[in-house]
Each structure stands twice: as structure tokens, then as C-alpha cells.
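Let's take a walk through this fold, one packing arrangement at a time. Have the viewer open as you read.

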Amino acid sequence: MTSRSAAEYRIEDLAHASGATVRTIRAYQDRGLLPTPERRGRANVYGDTHLARLQQIADLLDRGYTLASIKELLEAWDAGRGLGGVLGLVAEVQGPWTDEQADRISRDELHRRFGGAQDDQAVAEAVELGVLEPIPGRPDEFLVPSPQELSVAVELHGAGVPLTAISGHLRELRGQVEHIASRFLEFTTEHVFARYLGHRPPTDADAAEAAELVRRLRPLAQQTVDAELARAMRTFATRHLRHHLGADTPIGSHPAASEPRPVPLPPDTIGAVHKLVGPQNVAAFVAAATEREVRARTLDALTTSHSECR
């Protein structure tokens, strides 16, 4: 690098300053992501503009953008449309969606909270699920992105739920929650954000307004899920309890003899009836057979009672 009014770089110096490789810089140049360098003799000379552009590309790649979309953004910026609003929108979307603060926990404390037994397999599963995150250089300490989620696992394990069941339940629950999040985003995009994201990339003003809407709408997803989960838990927990105590039976009382109760039948029995009368007549056949059995027992009871009276 030379000491002029503006810094100048050979390609090797630019690679060192930016953290990119020479091969990457040449690839970006071929794709049109970097301005054409100044040619001096047999060498290309780069400046601070190229260094800043490489830093912008690296930042956008870290945010999940593809090189094709980065090229569109940079072309829009070069055309004078600006990137401030777009980067603000990206930062807002990728920011925290909860007020919960991450915490740290040692391996010894982790084992203590889960009963004292060392279970490296359970720790590995927790890392795979993102419940725990390794800390570089500290093998006996973990980052806990959601202390609340870890506390739920501790309580469930303390109540007798095996760790393998907890991790399996979390995998299933995560898939369902991701579906809810996807549907919420589709809904809000269709009815709210479509008008701001119609341009590629959006204008600076539209992106800034969309970022403000993200800030306002962000709590709505969690509030809606919390309310619906509370409603569903009350409904299904009550139904579940009634099922175990007796269908539609008030807590603390005994079911009346006249109230219907579910009676499970062996799969072999259902299969035999299915073959005998066909699938459409299974329910009717079981009902008729039950009624005939009840009548037969009633007749037996009447006959026995009459004999005893005689």
C-alpha cells in the first residue's frame, strides 16, 4: 500500500486488508461486483472503494444474501437508490424476536440441574438442537440462547420425563412451530409487506417503512400464539382429564351406568369383522352384536331369577 492522498492496493494487499482471497477478489470482479481497478502497466491498482465494497459483500453474505441478490443491491446503490433502508430492514428482521437474554452454564452445573448423572449423549443432542451452543476455547461451558427453554427441560426431567423423550418432543414441536411461523409470514407478506417489497431491491423509503412495521408487528406473532395455546391447552387438558376419569364425568363423582364410555376392541377383532361384513358395516355389526349379547344376558338373568324364586 502506498502513502498517497487515497490508499492504493495491489491485489495481494487488498486481499490481506479485506480478509478475502485473491481468487475471491478476481471472481467478484468477473461477476461485476467490484468496480474495474485502475490499470498501471501490467498491474491492477485498487483503492478504498474496492476495500469498502468487499466489506459490504462480506456483510451481506453473513446476512444470508446470495451473490446474485447482492449484485442487484449494489447496482441499485450505484444508481443512487441507497442501501441504508434495506440494511436497516435486514437488521430489524434478523434482530432478536424475544426479550429473553442468553445465559451461560457450566457442564457441571448442567449435570447437577438434570439430576447429577453425566449424560454426554444428551448434551450432544442439546447442542444439535441449539438448546446449548459450545463456546470456543471453553469445552466445559455452554451458551444457553433460551434459558427459559432449558428450564422447561429441567422441570420435565424432574417430573420423570426421560431426556430422550424431551429431545424428541422438542423436535416435533419445533417443526409445528416453524409451520406456524411460516404461515404468519405468508399472511403478513400478502396483506402488509407486499406493497413495500414489490421493487427489487425496494426503495430506501419503502425499506425503512417496512422496517418500522416489523418493529410494530413483531410482538403480534408471539401474542397470538400465546393466546391460542392457552385456549387449546384448556380445552384439550379438560378433555384429556375427563377421558381418564370417565367421559363427561365431573371431577370427584362416579360415572352413571347409563352414560356411554369408549371400549377399545382388539385389532384382530376389528380385522375379522372387517373381512366378514366389509368396512362400511363394521360399526353397525359391532352395535348389533353388542345389543344381541345384552339381550341374551338379560334373558339369562330373568330365567335365573325365576328359577331361584321357584
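What follows looks at a sheet and then at a pair of helices. Keep in mind that this is a predicted model.

Start with the sheet. In general, strands of a sheet pair through backbone hydrogen bonds, either parallel or antiparallel. Here, three strands make an open sheet with antiparallel pairing, and the order across it is β1-β3-β2. The edges belong to β1 (8-9) and β2 (38-40), each of which pairs on one side only. Zoom in on β2 and β3 (residues 43-47), and you'll find an antiparallel pairing over three bridges.

Helix α8 covers residues 147-158 and helix α9 covers residues 163-193; the two pack with their axes 10 Å apart, at an angle of about 135°. As for handedness, α8 passes α9 in a right-handed crossing.

Which residues actually meet there? On the α8 side they are Glu149, Ala153, Leu156 and His157, and on the α9 side Leu163, Ile166, Leu170 and Arg174. Sorted by class, this contact of α8 with α9 has five nonpolar residues, two charged ones and one polar one.

Key
Residues are numbered from 1 along each chain as its sequence is written. This is a predicted model: local features need pLDDT of at least 70, side-chain atom pairs count only at pLDDT 80 or more; totals for chains, interfaces and linings use all residues. Side-chain values use heavy atoms; hydrogens and water are left out. Axes are lines fitted to C-alpha atoms, for helices over the stretch in contact, and angles run from 0 to 180 degrees between N-to-C directions. Helices (H or I, at least four residues) and strands (E, at least two) are DSSP runs, numbered from the N terminus. A crossing is left-handed if the near helix is turned anticlockwise from the far one by less than a right angle, and right-handed if clockwise. Contact means heavy atoms within 4.5 Å. Ala, Val, Leu, Ile, Met, Phe, Trp, Tyr, Cys and Pro count as nonpolar, Asp, Glu, Lys and Arg as charged, and the others, Gly among them, as polar. Two strands pair if DSSP finds at least two bridges between them.
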